[in-house]
Amino acid sequence: MTESVRDELRVIYAAADAAVRAAGPRCEASGRCCRFTEYGHTLFLSAFEAELLLEGAPEYPRPVSRDGCPFQIDGLCTARDARPLGCRIYFCDPTYQERMTAITEEAVAALKRVAETHGTGWHYAPLHHFLNARPEPPPADSMTPTRTPLPVV
Ligand code: SF4
């Protein structure tokens, strides 16, 4: 991802955050929004968002199931600054659902414009798809000798 795409993405995130703040949905901090199957929804994101998320998220065990997000630990998001639009916009507050749809449509349209302007193509898929596509980090190097203490003379 180029720096200019990254900057445009951040502007879209900031606009979505501001729109959500203005709408003021209620959050009961149940954490259900990150446990997808239990709550009956799927987090979709674009390839751009996935790249930004993976740059800022901690390592995670694979394979990742479609049921939930590995970055939710003890009910909290451990990738908060890098979280994608769906996480920023989604709240279960029933009074916010209509506004949520409008904010989502606006943000996704802005993302598509970025894809079009930069000719990157458009790839939109559930979270586990992107997380499983990322290769596992190499295992710790067991061949590196451990430091032996210097003999005391
Ligand atoms: S990235 Fe954070 S907010 Fe989004 S689903 Fe995962 S834990 Fe939840």
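Which residues of helix α3 are buried? I started my notes there, keeping in mind that this is a predicted model.

**Entry 1: helix α3**
I looked up α3, residues 47-56, and found F48, E49, A50, L52 and L53 as its buried residues. Next I asked what covers them. The cover includes α1 (3-23) and β1 (44-46). It also includes α4 (85-89), α5 (97-118) and α6 (127-133).

**Entry 2: the core**
From there I went to the largest nonpolar core, and it has 24 residues. I jotted down the ones with the most contacts inside it: I12, A16, L45, L85, A107 and L127. Which helices each supply at least two residues of this core? I listed α1, α3, α4, α5 and α6.

Setting aside neighbours within four places in sequence, I have A16 in contact with L85, R88, I89, I103 and A107. Of these, I had already noted L85 and A107 among the residues with the most contacts inside the core.

**Entry 3: helix α5**
I checked the length of α5 next. It has 22 residues and reaches 32 Å from first C-alpha to last, close to the 32 Å expected at 1.5 Å a residue. Its buried residues are I103, A107 and L111. Why are they on the same side of α5? They cover an arc of only 70° around the axis, so they end up on the same side of the helix.

I then turned to the face of α5 pointing away from that buried side. There I found the exposed residues E98, T101, A102, E105, A109, R113 and E116. Over the buried residues of α5, the cover includes α1, β1, α3 and α4. Just after the helix, I noted that G119 takes a positive phi of about 60°.

**Entry 4: around the ligand**
Which residues are around the ligand? My list reads C34, L43, C69, F71, Q72, C77, A79, R83 and C87. Sorting this shell by type, I get seven nonpolar residues, one polar and one charged.

**Entry 5: the loop between α3 and β2**
I went through the loop between α3 and β2 (72-73) because D67 is found there, and D67 is exposed, with 10 other C-beta atoms within 10 Å. Leaving out neighbours within four places in sequence, D67 is in contact with R35, F36 and T37. I also compared D67 with P126: they are 59 residues apart in sequence and 11 Å apart in space, C-alpha to C-alpha.

P63 lies in this loop as well. What kind of peptide bond joins R62 and P63? I wrote down cis, with omega at about -5°.

**Entry 6: positive phi outside glycine**
Last, I looked for positive phi values in residues other than glycine. A29 has phi near 55°, and I placed A29 in the loop between α1 and α2 (36-39). Buried or exposed, A29? With 8 C-beta neighbours inside 10 Å, A29 counts as exposed.

D74 has a positive phi too, near 50°. I found D74 in the loop between β2 and β3 (76-77). D74 has 6 C-beta neighbours inside 10 Å, so I put it down as exposed.

Methods: Residues numbered from 1 in each chain as written. Predicted model: local features only at pLDDT ≥ 70, side-chain atom pairs only at ≥ 80, totals over all residues. Buried ≥ 20, exposed ≤ 12 C-beta atoms within 10 Å, placed from the backbone. Helix = DSSP H or I, 4+ residues; strand = E, 2+ residues; numbered from the N terminus. Contact = placed C-beta atoms within 7 Å. Near = placed C-beta within 6 Å. Nonpolar A, V, L, I, M, F, W, Y, C, P; charged D, E, K, R; others polar. Core = buried A, V, L, I, M, F, W, Y, C linked by C-beta atoms within 7 Å. Expected span 1.5 Å × (residues − 1). Arc of directions from axis to C-beta.
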